[in-house]
Amino acid sequence: MVPPLVLDIDGTLTDAQSRLDPRAFDVLPSWDAPVILATGKAFPYPVSLCHYLGLPETVIAENGGVVLVDGEVTYAGNREAAQAVADEFVARGGDLGWGTADTVNRWRETEIAVSLDADEALLRDVADAFDLEVIDTGFAYHVKSHGVEKGVGLEHVCETIDYDPEDFVAIGDSENDASTFRVVGQSYAVANADEVAKAAADEVLEESYMDGTYSVLDALRE
Ligand SMILES: O=C(O)COP(=O)(O)O
Ligand SMILES: [Mg+2]
């Protein structure tokens, strides 16, 4: 019997450029237990990934700010406060870095993401003043409310589907996965993970990105 999974997307199911690794299609659709996608991306991204993988739509988006389980969406965080930080950041010369269409934040409901090219010191300064935090996922800075975390989202999912978080295996690569690692029974950081994720994981893998993830999943299904 395979364990239920909680999987980060960027850096974990992808390569370094955020391109989905096609091996996800080999292993995830036929996984014989719940597969929860837990990401910093805005809500539509993991929903579409579930759709195209043929998985039920159970997702934790926006670092725990949006959770979809059993057809119900719940929210945590404060998009207005994050927007106020973004506005002040721009007023002080910052650039969110996504251009006019801003598909990164367009559908984001509980936080704001900023490009890694942005002025980090200025962003942290402004977020501090609004009592919000900034986390660096290796793909973007996220301006979010304290206490909104993927791990809290997973606890909510587990209550709804009547699973114990302890039964889950988690795989991830960054600071935003540490809270998940803390609540599951077994956690793996891929080799490209940041120091926070590596310190929180039960095991640090030798292989990076989907090479690492696939080796865990392939061993679990054997
Ligand atoms: O959106 C990001 O910055 C990172 O997304 P992830 O949590 O799927 O790695
Ligand atoms: Mg990641």
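Ala, Val, Leu, Ile, Met, Phe, Trp, Tyr, Cys and Pro count here as nonpolar, Asp, Glu, Lys and Arg as charged, and the others, Gly among them, as polar. By these classes, the shell around ligand 1 has three nonpolar, six polar and three charged residues. The model is predicted. Its protein is assigned two domains: domain 1 (5–76 + 148–220) and domain 2 (79–144).

**Domains**
- The centres of domain 1 and domain 2, taken over C-alpha atoms, are separated by 23 Å.
- Contact between the domains involves 19 residues of domain 1 and 13 residues of domain 2.
- On the side of domain 1 that touches domain 2, seven residues are nonpolar, seven are polar and five are charged.

**Ligand 1**
- Both domains supply the shell around ligand 1, with at least three residues coming from each of domain 1 (5–76 + 148–220) and domain 2 (79–144).
- The residues surrounding ligand 1 include Asp8, Ile9, Asp10 and Gly11.
- Thr39, Gly40 and Lys41 are also among them.

**Sheet**
- An open sheet is formed by eight strands in the order β5-β4-β3-β2-β1-β9-β10-β11, with mixed pairing.
- Its edge strands are β5 (72–75) and β11 (203–204), each of which pairs on one side only.
- Strands of a sheet pair through backbone hydrogen bonds, either parallel or antiparallel.
- Strand β3 (residues 59–61) pairs with strand β4 (residues 66–69) in the antiparallel sense, over three bridges.
- Strands β4 and β5 also run antiparallel and are joined by four bridges.
- Val67 in β4 stands opposite Ile60, and Val67 also stands opposite Thr74 in β5.
- The hairpin of β4 and β5 has two residues between the strands, and in this hairpin Asp70 takes a positive phi near 55°.

**Nonpolar cores**
- The largest nonpolar core has 44 residues, of which Val6, Leu7, Ile36, Ile60 and Leu154 touch the most other members.
- A second, separate core has 17 residues, including Val85, Phe89, Val104 and Leu123.
- Leaving aside residues up to four places away in sequence, Ile60 touches Ile36, Ala38, Val67, Lys150, Gly153, Leu154 and Val157.
- Ile60 therefore has its C-beta atom within 7 Å of that of Val67, the residue of β4 that Ile60 stands opposite.

Key
Residues numbered from 1 in each chain as written. Chains lettered and ligands numbered in written order. Predicted model: local features only at pLDDT ≥ 70, side-chain atom pairs only at ≥ 80, totals over all residues. Near = placed C-beta within 6 Å. Domains from an automatic or database assignment. Core = buried A, V, L, I, M, F, W, Y, C linked by C-beta atoms within 7 Å. Buried ≥ 20, exposed ≤ 12 C-beta atoms within 10 Å, placed from the backbone. Contact = placed C-beta atoms within 7 Å. Pairing = 2+ DSSP bridges.
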